[in-house]
Amino acid sequence: MLRALVLTLATLTLGGCGVGTAGDVSPHADVTADDATVRVVGEADADLVLIVSNQSLDDDEVRLTVQIDGLTVVDGDFDTEDQHNWIYFPLSLPSGDHEVIAESDSGSKLAESFNVPRNKKRYAVIEHWTEDDSPDTDDPSVDLTWEFSRQAPAFQ
């Protein structure tokens, strides 16, 4: 009974946050092929759940391109909507060290290294902001932020 209540609350929470799916912004063809080294899979089979969002109050729509290990994962337009629109890209990739590069059509670029251990799921969030609404960082002009975690983000 408690499990059913938790599942119901989780479903209501997800629905209220406007969590998107890769259907809102399609994954790039580089990661949809069966033989790709980084490829889109079901969330239960993912080694990395990449979550991308436009959080800008100034850019209603931004084009974001995200590559992992040189393969384009995402190349699409992201709408701000109500700032609760996170698009999920569950990915299968080999365990070990990887590099992500994200770029926006506003000229922002982010490059990060990360490690995915064998048989352990990881979560990564890339969010686009603008100078006026950027989260507190050492550099107030940061337009792209990166968060890498062992656990699903609180909004999931």
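Tutor: Let us begin with Phe148, which is partly exposed, with a relative accessible area of 29%; buried means under 20%, exposed over 50% and partly exposed in between (1.4 Å probe, protein chains only). This is a predicted model, in which local features need pLDDT of at least 70, side-chain atom pairs count only at pLDDT 80 or more, and totals for chains, interfaces and linings use all residues. Residues are numbered from 1 along each chain as its sequence is written, and side-chain values use heavy atoms, leaving out hydrogens and water.

Student: How is an aromatic pair described?

Tutor: A pair of aromatic rings is described by the distance of the centres and the angle of the planes. Rings of Phe, Tyr and Trp (its six-membered ring) pair if their centres lie within 6.5 Å; planes under 30 degrees apart count as stacked, over 60 as edge-to-face and the rest as tilted. The structure holds 3 such pairs. One of them joins Phe114 and Phe148, tilted at 45° and 5.4 Å centre to centre. Phe114 lies in strand 7 and Phe148 in strand 9 (residues 144-149), so the pair ties together parts 34 residues apart in sequence. Strands (E, at least two residues) are DSSP runs, numbered from the N terminus.

Student: Is Phe114 buried or exposed?

Tutor: Phe114 counts as buried, at 5% relative accessibility. Trp146 and Phe148 form a stacked pair, 5.9 Å centre to centre with 10° between the planes. Phe114, Trp146 and Phe148 form one aromatic cluster.

Student: Which residue is the bridge partner of His98 in strand 7?

Tutor: That partner is Phe114. Two strands pair if DSSP finds at least two bridges between them; strand 6 (residues 96-104) and strand 7 pair in the antiparallel sense over 8 bridges.

Key
Helices (H or I, at least four residues) and strands (E, at least two) are DSSP runs, numbered from the N terminus.
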